[in-house]
Amino acid sequence: MAAATTFDKMLCFSHAVRDMAVDGFIATQKQYFEQDVRRINYLSMEYLIGKMLENNMYAVGIEGIAAEALKFMDITLEELLELDVEAGLGNGGLGRLAACYLDSLATMELPAYGYGIRYEHGIFRQEFNNGWQCERPDDWLALGYPWEMIRPEYTLPVCVYGEVLKSFVPGQGEKDVWQNFQVFEAVPYDLPIIGYGVNTVNMLRLWKSQAAGGFRLDVFNQGDYVRAVEEKNWAENVSKVLYPSDYTYAGKELRLIQEYFLASCSVRDIVRRYKKNHRDFNQFAEKNVIQLNDTHPTLAIPELMRVLHDEERIPWNKAWEITTNTFCYTNHTLLAEALEKWSVDLIQRVLPRHMQIIFEMNHRFLQKVEVSHPGDGELLRNASIVEEGPQKQICMANLSVVGSSKVNGVSALHSELLRTSTMPQFDKLYPGKFCNVTNGITHRRWLLKANPELTELIADKIGTAWKRDLSLIKAFEESSANEAVQKRFMEIKHEKKTKLCDIISDLTGHIVSPDSIFDVQIKRLHMYKRQLLKAMHIIYLYNKIKENPKTKIQPRTFIFAAKAAPAYLIAKSVIKLINTMADVINNDVDVAGRLKVVFLPDYNVSLAEKIIPAADISEQISTAGLEASGTGNMKLSLNGALTVGTWDGANIEIAQHVGEENIFIFGNRTEDLDELRRKGYNPLSYVEKSKDLRKVLEAIRDNIFDPTQPDLFKDLYNDLTDHGDYYFYLADFADYVKCNELVDALYSTPAKWAEKAILNVARMGWFSSDRSIQDYCDTIWHLEPSPIKLNGD
């Protein structure tokens with residue numbers, strides 16, 4: 001023990017916790033096999049699982065004794081938790097939602113498998129250089145990962161490229177056969193997903209790519225060192241990073257191969273497992289649901305058709321029946337840019353047999369549409385999987401709908417818009433196929449783990465049953481007006497803010513006060529999420545103070561954390577603007593600490609767990625109709641932050657549950673924006689009516705925060721004005737300012753603020769991911785629990 005490093009001790013302790021779950025893991029897989037249960041197979045490109053050590057300690061029930069057990073190792077639990085590895089398997093809400101759902105599936109004792117990719121470098125580690133975002137490799141695997149178990153016995157070959165030739169197949173005649181393909185391998189790594197307080201331990205299987213042949217020693221010995229590792233390097237690139245840039249043709253090709261890699265390996269693993277108990281495929285759809293988490297895994301549909309039709313020799317119509325009864329699809333976006341399309345030429349080059357299968361799917365589908373709706377050419381065009389044009393493209397969302405039995409959106413508004421605006425052609429063709437399952441979050445991570453002090457306060461008042469069933473937290477509502485509870489609640493909030501102040505100082509060098517309002521906007525950076533609108537509000541306040549240094553406002557600390565996609569240049573300009581503003585505003589003597597701006601680098605789950613319990617205000621200010629749901633809004637409300645938001649996504653359902661009087665709603669609604677678009681939206685008309693707005697825009701245009709670079713933010717200014725203000729910043733600006741004045745007024749009465757914050761906490765029970773999963777089970781998956789018994793139970 002004397003020679004062991006702190007990291008050694010963390011690995012040792014993590015393995016010990018993992019080993020406590022091994023009996024449950026083995027028993028779970030054994031029971032699923034022996035009882036031949038119906039199971040959900042969840043396919044997602046992302047799993048933002050965060051650090052696992054503390055979460056798994058809670059799951060196996062040793063959080064109370066862990067500190068004592070570590071004493072003989074001469075280390076504290078806090079020291080170990082700091083060294084725990086954060087897996088680089090995701091980026092934003094899509095991946096975090098998948099992680100929450102795996103947690104709920106295990107805790108609810110439901111048979112489930114997650115499938116993803118074991119990215120070597122994740123998306124990227126974010127740094128700031130002179131205020132600009134810089135992307136660095138996220139080497140999260142450099143020192144090993146204690147939670148994974150390699151399973152080389154289930155390695156699979158993956159085929160790409162090649163050609164399809166007519167060949168004679170005995171007993172079948174002439175068939176299309178995929179030949180001359182390039183092969184690499186997929187090696188599975190399993191992560192145990194431990195249910196909270198139960199014996200169920202489900203599995204997240206992650207695929208790593210590697211060369212089929214490996215290192216070419218013969219070529220190396222001939223002196224051709226580059227060619228000796230060429231195949232190895234090419235194959236390993238497939239699982240190298242999450243979302244390789246598709247700015248180039250090579251990047252697009254790699255990204256398509258990556259998506260197929262996930263789809264192919266997962267489908268064939270599901271088929272392999274099914275065949276252990278079955279000699280034919282008559283019960284395949286009865287025993288398996290495959291849920292597509294957005295369009296990234298959509299190639300699983302033609303891949304299952306290929307396996308069933310080409311390899312298992314099942315007639316097309318029967319294979320199609322099995323496929324469509326197996327798949328379900330969750331849509332996460334209404335943005336046209338995010339509804340994936342791949343060029344026919346690219347798919348033809350990389351996956352020639354799959355291209356044939358997709359064409360055949362589309363041909364048969366359109367024949368049925370023509371029969372049911374004769375002469376409706378517009379319906380045929382809109383519903384077609386193949387988009388005609390100068391460059392033919394495959395619409396992955398259309399393929400997902402056609403190939404699935406159910407399609408769901410992720411909030412009430414999103415599901416309605418998906419059905420009536422984005423895909424009305426499919427609602428016409430498939431009445432009843434579309435449904436809604438509003439997203440949820442796991443309170444086990446986002447309250448029990450992230451905020452144990454608030455957890456203790458709630459338990460003191462209503463007991464502990466709510467830890468298992470979050471709907472029971474509503475009983476805490478009765479304490480909302482209790483002065484002692486309010487006092488303790490605000491003390492906890494202040495303690496969390498004080499801790500966050502230290503983190504802000506360490507990460508940015510800025511000194512902020514825990515006595516100020518912590519106004520938080522933490523999410524993936526995209527123009528529709530409107531971080532720039534928050535920046536515009538800050539500029540407005542700054543202008544007011546500069547005009548009159550005696551201006552009275554509630555002191556606020558504006559906290560941003562977000563990553564922008566590497567090729568998303570205008571989003572990166574927003575980051576630069578906010579960092580430039582921070583350098584000036586935080587050091588301006590006229591401001592005198594009333595405004596502070598910080599942009600925390602490298603936003604991830606661990607940082608979110610520090611920010612969310614400290615937040616007073618939750619900024620959810622997306623353009624109405626464009627945010628599918630949001631889950632950060634739920635996490636922040638559950639920890640007592642009041643939402644400032646548009647009537648969008650899950651904000652609507654949060655308002656309905658916590659009460660519109662306990663949330664700050666502003667701005668145009670979806671129908672208002674539709675009307676503005678119909679009439680012809682003119683953003684400059686709002687500038688003409690508002691001197692304050694004009695000054696804000698001029699500050700951006702002229703870069704008042706760094707006059708040495710006056711043109712630095714002209715692209716942002718142009719986007720808001722000459723380019724049409726696509727996301728309606730200017731239309732919502734005035735109402736956003738008024739809404740924030742209401743925030744200031746409420747914060748000046750601490751008892752009222754505390755009461756509303758406590759009501760937010762108490763009324764968030766419906767937003768549990770356990771409820772979401774139950775909705776999936778009831779309306780889509782039709783899945784039943786399979787409780788696991790261990791020896792001694």
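This briefing walks through selected strands, helices and contacts of the structure above.

The model is predicted, so local features are given only where pLDDT is at least 70 and side-chain atom pairs count only at pLDDT 80 or more, while totals for chains, interfaces and linings use all residues. Residues are numbered from 1 along each chain as its sequence is written, and side-chain values use heavy atoms, with hydrogens and water left out. Helices (H or I, at least four residues) and strands (E, at least two) are DSSP runs numbered from the N terminus.

- Strand E2, residues 112-117, is mostly covered, with six of its six residues buried, where buried means under 20% relative accessible area, exposed means over 50% and partly exposed lies in between (1.4 Å probe, protein chains only).
- In a regular strand the side chains alternate between the two faces of the sheet.
- Both faces of E2 are covered, for Ala112, Gly114 and Gly116 on one side and Tyr113, Tyr115 and Ile117 on the other are all buried.
- Strand E1 (residues 39-43) runs parallel to E2 and is joined to it by four bridges; two strands pair if DSSP finds at least two bridges between them.
- Tyr115 of E2 is the bridge partner of Leu43, and Tyr115 also stands opposite Arg205 in E10.
- Strand E10 (residues 201-211) pairs with E2 in the parallel sense over five bridges, and Tyr113 stands opposite Met203 in E10.

**The hairpin of E9 and E10**

- Strand E9 (residues 182-194) runs antiparallel to E10, and eleven bridges join the two, with Asp190 standing opposite Arg205 in E10.
- E9 and E10 form a hairpin with six residues between them, and Gly197 in the turn has a positive phi of about 70°.
- E10 is mostly covered, since nine of its eleven residues are buried.

**An open sheet**

- Six strands form an open sheet in the order E20-E19-E18-E21-E22-E23, with parallel pairing.
- Its edge strands are E20 (595-600) and E23 (664-665), each of which pairs on one side only.
- Strand E19 (residues 556-561) pairs with E20 in the parallel sense over six bridges, and Thr557 stands opposite Lys596 in E20.

**The nonpolar core**

- The largest nonpolar core has 271 residues, and Phe13, Tyr145, Leu532, Met536, Ile700, Leu730 and Trp781 are those with the most contacts inside it; such a core is a set of buried Ala, Val, Leu, Ile, Met, Phe, Trp, Tyr and Cys residues joined through side-chain atoms within 4.5 Å.
- Helix H9 (residues 249-275) gives the largest share of this core, eleven residues.
- Not counting residues up to four places away in sequence, Trp781 touches Arg38, Ile40, Leu105, Val289, Gln291, Ile773 and Tyr776, where contact means heavy atoms within 4.5 Å.

**Two crossing helices**

- The axes of helix H22 (residues 531-547) and helix H29 (residues 691-702) come within 9 Å and cross at roughly 105°; axes are lines fitted to C-alpha atoms, for helices over the stretch in contact, and angles run from 0 to 180 degrees between N-to-C directions.
- H22 is therefore roughly perpendicular to H29, a term that covers angles of 65 to 115 degrees.
- Among the residues making the contact are Leu532 and Met536 of H22 and Val696 and Ile700 of H29.

**An exposed lysine**

- Lys738 lies in helix H31 (residues 729-747), and Lys738 counts as exposed because its relative accessibility is 54%.
- Lys738 and Phe666 are 72 residues apart in sequence and 8.5 Å apart in space, C-alpha to C-alpha.

Notes. Parallel < 35°, antiparallel > 145°, perpendicular 65-115°, else oblique.
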